[in-house]
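Dear colleague,

My notes on selected elements come after it.

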Amino acid sequence: MNFVLRYLSTSGKARIAEVISTQEQEHPLPDGLVCLEDLAYEASDGSPLAADVYRPKDKSAAPLPIAVFVHGGGLFVGSRKANRAYAELLAERGYVVFVPEYRLIDQTDGIGAISDVCAGFSYLKDHAAELGGDLERVLVIGESAGGFLTLYATALANSHQLQEALDIEPHTLPVRRLACFGGMFYTGEFDPIGLVYRRTMYGEHLSDEHFKQLIDPEDPRVVSGLPPMLLVTSGADFLKSYTLRYTRALMMAGHDHRLIYYKKGKELVHAFPSLHPELPQSMEVLDALDTWFREL
């Protein structure tokens, strides 16, 4: 890990721990919900991983639609525990909410993080029935860096070329819709994000031209493996150019997608729907997301 990411990781992890502690002390689990914490499984290399599941207590309506939520944090900070409030809102809408863990880049690289998300998808596929979830209705939501991870984990299941290039065992979770809030889609370019991340995320793979083509999310072999997408950004989102650029790419490819773009509102910061679910605009996004998904 380079010195920039090392510094951000050290300072950011302390802040995330504080956020999680505050949530646990001040915001008890709402009545009517249950949280199954620390469900253990393994990464492809045997590293321990875990997930939390939020769902309505009443199982009489099962099987329920499934919402997978993958947190952000730039791959160097973040925790599955940090977005508990958003997971609870989804569960109150009648979803089984699966929140998986992935290793950060002080423990693995970008490919390892994608592989970890795939491992979480595989665990969910195997245990959906006992969790009360309906595998015919699976929505995946990625926040910021989680948008990048979910995009590739989802596309990989439908692309042998991606599987071979990344050397990741594919999952078989049938993802029907993918939503990304402020997605950190472009990680291999010579922009500020790429200059910080490229070498740490991909290392020696960057000398492989075929690999470099496939870490461009606009590559047809990536786009063709994706389900319909919902993309959300705002004028105050420091990564809004990524979302707007990827929306144009999906449009040019004729890929089914929708864009929600709030041009004004300084409070609508990066990945606001899940980072600040208390905002009225965040609730509007949640309503739109729920309606869009239930069109299945």
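This is a predicted model: local features need pLDDT of at least 70, side-chain atom pairs count only at pLDDT 80 or more; totals for chains, interfaces and linings use all residues.

Of the 12 residues of α4, 12 are buried, so the helix is largely enclosed by the rest of the structure. The buried residues include F148, L149, L151, Y152 and L156, and also G146 and G147. An α-helix has 3.6 residues a turn, so residues three or four places apart point the same way.

Strand β4, residues 96–100, is likewise mostly covered, with 5 of its 5 residues buried. In a regular strand the side chains alternate between the two faces of the sheet. In β4, V96, F98 and P100 lie on one side and V97 and V99 on the other, and both faces are covered.

Two strands pair with β4. Strand β2 (residues 48–56) runs antiparallel to β4 and is joined to it by 4 bridges; here V53 has F98 as its bridge partner. Strand β3 (residues 64–70) runs parallel to β4, with 3 bridges between them, and I66 stands opposite V96. Between β3 and β4 the chain passes through helix α2 (residues 84–92), forming a right-handed β-α-β crossover.

With kind regards

Terms used:
Residues are numbered from 1 along each chain as its sequence is written. Side-chain values use heavy atoms; hydrogens and water are left out. Buried means under 20% relative accessible area, exposed over 50%, partly exposed in between (1.4 Å probe, protein chains only). Two strands pair if DSSP finds at least two bridges between them. A crossover is right-handed if, with the strands pointing away from the viewer, the path from the first strand over the helix to the second runs clockwise.
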